[in-house]
Amino acid sequence: MGQAAPGMRMWYLRLEGAREAGLSSSRALPVALGVSTKPNSPCERKPGLSLGLCPHCAEATAALTSLKTPLSTGTPTMRSLWLLTALLTLSQALPFEQKGFWDFTLDDGMLMMNDEEASGADTSGAPDLDSLTPTFSAMCPFGCHCHLRVVQCSDLGLKTVPKEISPDTTLLDLQNNDISELRKDDFKGLQHLYALVLVNNKISKIHEKAFSPLRKLQKLYISKNHLVEIPPNLPSSLVELRIHDNRIRKVPKGVFSGLRNMNCIEMGGNPLENSGFEPGAFDGLKLNYLRISEAKLTGIPKDLPETLNELHLDHNKIQAIELEDLLRYSKLYRLGLGHNQIRMIENGSLSFLPTLRELHLDNNKLSRVPAGLPDLKLLQVVYLHSNNITKVGVNDFCPVGFGVKRAYYNGISLFNNPVPYWEVQPATFRCVTDRLAIQFGNYKK
């Protein structure tokens with residue numbers, strides 16, 4: 001089959017009347033037209049685009065298919081004239097001009113836009129693609145991810161707080177880096193910051209005015225660093241402070257002054273002893289939640305905020321609960337004292353906790369069930385597993401008589417104690433919602 005000259009397009013038209021035109025039906029009729037052979041020509045069919053989308057191509061195709069009648073019935077001269085007319089119509093087809101961007105899918109639309117640029121067609125009707133993608137602040141530190149006022153710069157090996165942080169940022173994530181110091185102007189201009197995450201760095205020094213620009217900061221997570229003291233001049237807007245797993249040994253008086261909105265402090269995992277809390281260290285605070293677990297406490301601190309609802313002192317070295325240890329914490333509804341060395345709970349100690357709902361005393365050295373549990377009318381969960389309890393009395397959990405307890409127990413754990421559970425009377429758990437709520441057995445010497 002013949003090859004068209006360079007720069008010419010090969011059009012193969014199989015016509016039903018080719019036999020009558022003097023051509024065999026097994027051959028094609030190559031016609032070389034003076035049309036550009038650019039690969040992006042708009043009339044060249046592409047995957048995903050129908051030829052019917054091009055009106056000029058459709059017109060030319062209709063003209064060619066209409067050749068059947070004249071070619072089959074006319075004279076040779078007429079047939080030649082009709083063929084020439086059809087080919088002239090095809091050669092004069094104008095480039096395809098896209099009228100609506102959303103006529104196609106996005107990918108096909110991109111192809112058509114490239115075609116229009118190549119052919120010089122007007123593309124003013126198509127929207128700017130930049131306006132179709134989400135817009136981000138022009139200020140975003142190198143290597144960070146910025147989206148919807150959230151700047152995430154974690155796990156980048158940063159040595160300092162990055163610059164070029166957008167002033168409208170509300171959450172700044174700098175965890176898992178190598179930052180060792182917070183300088184005076186590190187957070188300058190971030191007056192809208194709501195949460196600051198500095199967990200797992202190497203911070204050992206904080207300028208006294210480092211947090212001054214953060215007038216709306218409510219959550220400060222600065223755990224797992226090298227701090228030896230609680231940062232000074234914390235923002236007065238602060239609600240939640242997580243500063244556990246540092247090297248803090250002392251909580252001086254006045255360090256929390258002015259923090260009237262603070263309701264949650266997590267400061268476990270620091271080498272804090274009872275002597276490390278100066279008198280008045282928590283003055284002015286109205287905390288709901290306080291955790292000082294995994295420290296070096298030998299007793300329950302007596303100068304904590306009396307507004308506490310949750311107090312967690314797990315994993316310390318507390319050996320006893322004396323009568324007045326819980327005197328000022330009458331609003332507690334959850335008390336965590338698990339994983340200590342408690343051998344004795346003085347009678348009447350728990351009577352200062354009338355609203356208590358959960359009591360965690362697991363993994364201690366108690367030899368009997370603490371006295372006073374039946375008087376706690378709202379108590380629902382008691383963890384006493386992994387102690388040295390050898391006997392459970394019939395009135396250790398439930399009060400004498402009916403209708404005295406307001407809330408029934410839904411969890412009592414006594415497993416891993418040397419108590420002969422087959423000797424425990426069924427009436428012992430008369431104020432328990434379900435027998436499945438009681439856990440016994442599995443004791444190993």
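Predicted model: local features only at pLDDT ≥ 70, side-chain atom pairs only at ≥ 80, totals over all residues.
Trainee: What makes up the protein chain, in helices and strands?
Mentor: You'll find four helices and 20 strands in it. Of its 445 residues, 42% are buried.

Trainee: How confident is the predictor in the protein chain?
Mentor: The mean pLDDT is 77, and 68% of the residues reach 70 or more. Watch out for two stretches, though. Over residues 1-72 pLDDT stays under 50, and residues 93-136 also stay under 50. The model has 89 contacts beyond four places in sequence for residues 1-72, and 49 such contacts for residues 93-136.

Trainee: Okay, on to the cysteines. How many disulfides does a search of the whole structure find?
Mentor: Three.

Trainee: Why are C140 and C146 called a disulfide?
Mentor: Check the sulfurs: they sit 1.9 Å apart. The cut-off is 2.5 Å, so a pair within that distance gets the name. C140 and C146 are therefore a disulfide.

Trainee: And what makes the disulfide of C140 and C146 right-handed or left-handed?
Mentor: Look at the torsion about the S-S bond. For C140 and C146 it is about 85°, so this disulfide is right-handed.

Trainee: Is C140 buried, exposed or partly exposed, and why?
Mentor: Its relative accessibility is 26%. Buried needs under 20% and exposed needs over 50%, so a value in between is called partly exposed. That's why C140 counts as partly exposed. C146 has a relative accessible area of 15%, which is under 20%, so C146 is buried.

Trainee: What about C398 and C431, how far apart are their sulfurs?
Mentor: S to S, C398 and C431 are 1.9 Å apart, and a disulfide joins them. Here the torsion about the S-S bond is about -85°, so this disulfide is left-handed.

Trainee: Why do you say that C398 and C431 tie parts together?
Mentor: C398 lies in the loop between β18 (381-383) and β19 (411-413), while C431 lies in the loop between β19 and β20 (438-439). The pair is 33 residues apart in sequence, so the bond ties together parts separated by that stretch. C398 has a relative accessible area of 1%, so with the cut-off at 20% C398 is buried. C431, at 5%, is buried too.

Trainee: What is the pairing of the bonded cysteines, numbered in sequence order?
Mentor: It goes 1-3, 2-4, 5-6.

Trainee: Why is C264 called buried?
Mentor: Its relative accessibility is 10%, and under 20% means buried, so C264 counts as buried.

Trainee: Now N201. Where does N201 lie, and what does its side chain reach?
Mentor: N201 lies in the loop between β7 and β8 (205-206). A polar atom of its side chain is 3.1 Å from the backbone nitrogen of I179. The backbone oxygen of V199 lies 3.4 Å from a polar atom of that side chain.

Trainee: And why is N201 called buried?
Mentor: The relative accessible area of N201 is 4%, under the 20% cut-off, so N201 is buried. Beyond four places in sequence, N201 touches several residues, including L174, D178, I179 and H226.

Trainee: What about Y194, is it buried, exposed or partly exposed?
Mentor: Y194 has a relative accessible area of 35%, which falls between 20% and 50%, so Y194 is partly exposed. You'll find Y194 in the loop between β6 (181-182) and β7 (195-197). Among the residues in contact with Y194 beyond four places in sequence are T170, K216 and L217.

Trainee: One more: what makes S293 buried?
Mentor: S293 has a relative accessible area of 5%, and that is under 20%, so S293 is buried. S293 is found in the loop between β12 (289-291) and β13 (310-312). Its contacts beyond four places in sequence include G268, G269, H312 and D314.

Terms used:
Residues numbered from 1 in each chain as written. Heavy atoms only, no water. Helix = DSSP H or I, 4+ residues; strand = E, 2+ residues; numbered from the N terminus. Buried < 20%, exposed > 50% of the residue type's maximum accessible area, 1.4 Å probe, protein only. Contact = heavy atoms within 4.5 Å. pLDDT = per-residue confidence, 0-100. Polar contact = N/O pair within 3.5 Å; in protein donor to acceptor, adjacent residues only side chain to side chain.
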